[in-house]
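Biologist: Please show me the model, and then let us go through a few of its features.

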Amino acid sequence: MNNAALLPIAPEVILLAGALIVILLLVLLDRPYREGGIVAMAALAAAAVASVLQWQALGDGADNLYFSAQGVPVPRLPMVVMDHYSAFAGVVIFVVSMLGLAVAWRLVLTLGARSAEFLTLVLLAVAGLHMMTASANMIMLFIGLETASIALYVLAGFTRERANADEAAVKYFLLGSLASVVFVYGAALLFAATGSTAFYGAGSMREFLAENIVAEPAILLLAMGLVIVGMSFKVTAAPFHQWAPDVYQGAPSGIVGLMAAGVKIAGFAALGRILFSALPSQIDDWAPALAIIAGASMIIGTVLAAVQDDVKRILAYSGVAHAGYILMAFVAGNEGIGSMWFYVTTYALTVIGVFAVVAVVSGSRSGSSPLAEWSGLSSRAPVLAWVMLIMLLALAGIPFTTGFVAKVTVFTAATDAGYLWLMILALVTTIVGLYVYFRLAAVMFLEGPAGVEEVVVPPTTALVLAVAAVTTVLLGLLPWPLLDLAREALPL
Amino acid sequence: MVLPTLILLPLIGAVAVALVPKNRSELVFPLGLAVSIPPLVAALWVAANFTVGEASFQFVTDHTLSESLGIGWRLGIDGISLWLVVLTALLFPLAVAASTAITDRTKSYLVAMLILETGLLGVFLALDLLLFFAFFEIVLVPMYLLIGIWGSENRGYASLKFVLFTGAGSVFLLGGIIVLGLFTGDLVDRLSSFDIRVMLDVELSSTAQLWLFLAFGIAFAIKVPIVPFHTWLPDAHTEAPTAASVILAGVLLKMGGYGFLRFNMTLFPEATVDLVWVLAVLGVIGIVYGAVVAIVQPDIKRLVAYSSVSHMGFVLLGLFALTSQGLTGGVFVMISHGLVTGALFLLVGMLYDRRHTRLIDDYGGIATVMPIYAGFFLYMAFASIGLPGLSGFVGELAVLVGSYLTLPVLAIIAASGVILAAVYLLWAYERVFTGPITNSANEGLHDLGLREIAIIVPLILIVLAIGIYPKPILDRIQPSVDLILERIEATTSYEVPEHGATVDEGAG
């Protein structure tokens, strides 16, 4: 194998190498907290660069699109695929992870000797997340899913001196494992129905379904159902969202943003990979199911977000609602992929920013973030409050923010695909969403200051907030370059 | 390039205000006032260079942003939007000048005001439906903050109610825009297109027209507001700071009337003709209901707020009379109402700044201590009632004449609105100003200062000028509204009545 043959798995290789170096630093140096963080950051940056190089190589007509034990260029059983889809996912996941890690920076420094552990887990989780999006095979996708999930279970309970952190981690682990089991059962049934676990190549699921009439359509339907349910857990789509509010509330604020944003990107991308690459012929079966899940997510997410008193729970339920909006893009099939990417990318950037503000207001180690702590934020920290307002406007879908563009594109995609009822439902839930986000804005801007505590914004967090706020507005004003890229990021 | 400049000027001003360093906070207010002037200059320049008699859009900027989605930075101005733009640009400097009572977070206040101005100018100038919607919706945010942060006691409730009511309407507008954009896309062989000039060529079925009319209409009905969607307005007006009330009544409500005229009547002519009765009746209900409720208001600001409901009813009646006089009159009422009600809110605000109460019962006989103020108030009350020679008369007469041609019964009922206006305004005037001073707390009230007189006098002069000689205004409005009527005639079986007085004769 030459170097070019490794390009499809370059990001993963870089991240794993980074993880090993972080652990080695712990052995070699006395107090390598800051150095470890820098190495982790560098590994993420290098992985992002590798993804950019993948994109360029694809533009130049690279022929080593797959990675497999059997060699190149088109192995019989490809395991990892390199296409515009996976390269785009890579850039988004790695950049968002860098921002997430920057928010967690202060948490890392206070962890002492455990910081190496923390950073290693983050790198492994990110590698797993990208693997989910770049897999060419159900088995590989599952391995990526589990790599990411197990690392994140541990991260959720990382501040274990707090009782509710344990609770969050255990809950996340139990429900997450259940989701994995459901997913892998669905994968097994897909194999039963199609005789393959591969997405590409001779004898793949796609080819089988294109060339044959399925003998047992019930098994295929059940298989697709289980796969969708398993992934719905990961992306917190209703009614499989119950873990999210408790886990977000219990996990350290410094890392929730990365959990929420990273898993969503990878989860949606993986779901898209399965549906668009392996099961495109079955769109008439899975699109209505996704439309129903989307509708349920919007309703449950916005309504429950409206009655929460804790900002992290509000954001968790808002995440459920946004999962619904993103799923609207899926029902449009291939036409919706660009909208899905735009939504997922901009939503991830906003969510990282929002949780960065949470980490500042409530402390990066803390679990809960009651509304009372946000009272009068605009008097205590005007810039922070304005930045948060921009993010909230984006989440509410107000124009001149990315949230508006994202909503318009997915609404257009779903309506064009004939799902007018879903768009009308989405419009109605958007109204409730206005209440959710403006209520939080009211607490920050309209109520008097609750405490005199000084709000300290760490420099790394300030940088993340600047990036998140600027991209939210700039890509809201001029979304065209990103929209064009997103529309190119199609799976093979 | 004058229109993009016009929209961006307030935004540039907002940035300038935001950049004032903390230790030079005394510069914030003068700078805010200064940067609100250039948009007025630009708007007047546009008005001066506007080609009279030309019905379609002028000063057009067309810059495609996304080929496949059919979105563009498309701006233009015609007779319908021209005066609304001038009105907007005129009211903002006056509203800012009337904001000296704001001492808390002045910088944020001025930034919010200037962003609001950008949004409103954009609403009236956008020729791309999605761009229009973006401006239409962004207006919510600064107005929410203005009411919510700088309003009076019940501001939290009022501001959230404002956002939810008007936001609820606009999401259906967004839905309608997307559907219509997809229809238009089929026409030009793209996914979608939002150019309203292209949209005119889309042939829609009657059912599609009806549903789209309703989706668009609900958003505009809430903004106007049409009874029964008006309940947000008295709360928002009452709790808002003076400047926000001025803009709310003067400009924000006009987004609704403008929307009906520019989009509903232009894009869905068949549905318009079918629904004429429904909307005209709702307009008349608004006229009478708003006036009757205004009579019994104990709160003077609420009284003016309900009078807005009544006046906007005239706008609606005029538009859906579907005659040249009615449409022209409807647009003219919007302009006149913006000036007169804006002035009334400014005046109420000046009184509130002195006594911090808006209850009519707390006053009585204050004409003896504030003669200039009382004179100004009476003048604007007469303008609002529609005294001949002042601006209110021209528009309402044109509406009544125009609607009498097609909807005579409704026109006769609507005429009672003029009488009721005299009742609520003059009765309120009597209780607040005439007789001896009943409340000793009012004895020390001082009359208007130079700054306050300078704010009101321009409005007094304009109200008089366009009341006596409305021709320059009407000449520019009429060709554009006639174009809409021509389109309705061309696409439906409806015929605009030819006979009857022209607006000029009627108003002369």
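Modeller: Let us begin with Phe59(B), whose place is in strand 1 (residues 58-66) of chain B. Strands (DSSP runs of E, at least two residues) and helices (H or I, at least four) are numbered from the N terminus. This is a predicted model, in which local features need pLDDT of at least 70, side-chain atom pairs count only at pLDDT 80 or more, and totals for chains, interfaces and linings use all residues. Residues are numbered from 1 along each chain as its sequence is written, chains are lettered from A and ligands numbered from 1 in the order in which they are written, and side-chain values use heavy atoms, with hydrogens and water left out.

Biologist: What is the phi of Phe59(B)?

Modeller: Phi of Phe59(B) is near 55°, which is positive although the residue is not glycine. Most residues other than glycine have a negative phi.

Biologist: And is Phe59(B) exposed or buried, or partly exposed?

Modeller: Phe59(B) is partly exposed, with a relative accessible area of 24%. Buried means under 20% relative accessible area, exposed over 50%, and partly exposed in between (1.4 Å probe, protein chains only).

Biologist: Which other residue of chain B has a phi near 55°?

Modeller: His356(B) has a positive phi near 55°, and this residue is not glycine either. His356(B) lies in the loop between helix 15 and helix 16 (371-385) of chain B. With a relative accessible area of 54%, His356(B) is exposed.

Biologist: Turning to the backbone, where is there a cis peptide bond?

Modeller: One joins Val224(B) and Pro225(B), with omega about -10°. The peptide bond from Val227(B) to Pro228(B) is also cis, and its omega is near 10°. Most peptide bonds are trans.

Biologist: In which loop does Pro225(B) lie?

Modeller: Pro225(B) lies between helix 10 (206-223) and helix 11 of chain B. Pro228(B) is likewise in the loop between helix 10 and helix 11.

Biologist: New topic: how much space lies in the second largest pocket?

Modeller: About 390 Å³. A pocket is an open set of points on a 1 Å grid over the protein atoms alone, where a 1.4 Å probe fits, with protein on both sides within 12 Å along at least five of seven lines; lining residues have an atom within 4 Å of a point.

Biologist: Which residues are closest to the centre of the second largest pocket?

Modeller: Of its 25 lining residues, they are Ala101(B), Ile102(B), Trp150(B), Pro241(B) and Tyr352(B). Helix 7 (140-150), helix 11 (232-239), helix 12 (242-267) and helix 15 (324-355) of chain B each supply at least two lining residues. Helix 15 gives the largest share, four residues.

Biologist: Finally, how many helices and strands has chain B?

Modeller: Chain B has 21 helices and two strands. Its radius of gyration is 22 Å, close to the 23 Å that the globule rule gives for 508 residues, so chain B is as compact as a globular protein of that length. The radius is taken over C-alpha atoms, and the rule is 2.2 Å times the number of residues to the power 0.38. The C-alpha trace of chain B spans about 70 × 60 × 40 Å along its principal axes, and 65% of the 508 residues count as buried.

Biologist: How many helices and strands has chain A?

Modeller: Chain A has 21 helices and two strands. The radius of gyration of chain A is 21 Å, close to the 23 Å from the globule rule for 492 residues, so chain A is as compact as a globular protein of that length.

Terms used:
Grid points are joined across faces, edges and corners, and a volume is the space filled by probe spheres set on the points.
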